[in-house]
Amino acid sequence: MKQAIKGETEQDFEAILVSYGKAFLITTDFGVLDAAPYWAIGSGAKLAIGHLGAMQYADDWNKNHDLIAKYSIETASMHDINTRGKIDIQISHHTGHVTTP
């Protein structure tokens, strides 16, 4: 664990940057990692990744990424008490456009 500077508090965080259809994980020390083929952050991340991993072999994987992602978050929220709230899906396309299904 890093020591915080006097008067400041140490913060752990995770972030995902999505741009032009590509995703990158940003870590506490501002390291940037390629987040492929799928990713998740937060308390339910392991559950969501497990669901995504199982679903990658589904016949509709290439057509329904948005729905499968939503189902993965819903699966995590069923089994993790800290994963809650409304689920909003936005799709970042390789052209730079962002759409909502």
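The dialogue below goes through the features of one predicted model.

User: What kind of model is this, and how are its residues numbered?

Analyst: This is a predicted model, in which local features need pLDDT of at least 70, side-chain atom pairs count only at pLDDT 80 or more, and totals for chains, interfaces and linings use all residues. Residues are numbered from 1 along each chain as its sequence is written, and side-chain values use heavy atoms, with hydrogens and water left out.

User: How many helices and strands are in the chain?

Analyst: Helices (H or I, at least four residues) and strands (E, at least two) are DSSP runs, numbered from the N terminus. The chain has two helices and five strands, and along the sequence they follow the pattern β-β-β-α-α-β-β.

User: In what order do the strands of the open sheet stand?

Analyst: Strands of a sheet pair through backbone hydrogen bonds, either parallel or antiparallel. Here two strands pair if DSSP finds at least two bridges between them. The open sheet has three strands in the order β1-β2-β3, with antiparallel pairing. Because β1 (15–19) and β3 (32–34) each have a single partner strand, they stand at the edges, and one side of each is left without a neighbour in the sheet. Neighbouring strands of this sheet are turned by 30° against each other on average, direction ignored; the axes are lines fitted to C-alpha atoms, and angles run from 0 to 180 degrees between N-to-C directions.

User: Which residues are bridge partners in this sheet?

Analyst: Five bridges join β1 to β2, and in that pair Leu17 has Phe24 of β2 as its bridge partner. Three bridges join β2 (residues 22–26) to β3. There, Ile26 is partnered by Val32 of β3, while Phe24 stands opposite Asp34.

User: What is there to see in the turns of the two hairpins?

Analyst: Most residues other than glycine have a negative phi, and most peptide bonds are trans. The hairpin of β1 and β2 has two residues between its strands, and Tyr20 in the turn has a positive phi of about 50°. The hairpin of β2 and β3 has five residues between its strands. Phe30, in the loop between β2 and β3, has a positive phi of about 65° although it is not a glycine.

User: Is Phe30 buried or exposed?

Analyst: Buried means under 20% relative accessible area, exposed over 50%, and partly exposed in between (1.4 Å probe, protein chains only). Phe30 has 63% relative accessibility, so it counts as exposed. Of the 101 residues of the chain, 18% count as buried.

User: Which residues of α2 are buried, and what do they pack against?

Analyst: An α-helix has 3.6 residues a turn, so residues three or four places apart point the same way. In α2 the buried residues are Asp66, Ile68, Ser72, Thr75 and Ala76. The buried residues of α2 pack against α1 (45–55) and β4 (91–92), where contact means heavy atoms within 4.5 Å. Helix α2 (residues 65–79) has 15 residues and reaches 21 Å from its first C-alpha to its last, close to the 21 Å expected at 1.5 Å a residue; the expected span is 1.5 Å times one less than the number of residues.

User: How many salt bridges does the structure hold, and which residues form a salt bridge?

Analyst: A salt bridge is a side-chain nitrogen of Lys or Arg within 4 Å of a carboxyl oxygen of Asp or Glu. The structure holds one. Lys86 forms a salt bridge with Asp88, and the closest N and O atoms are 3.1 Å apart. Lys86 is exposed at 72% relative accessibility, and Asp88 is exposed with a relative accessible area of 57%.
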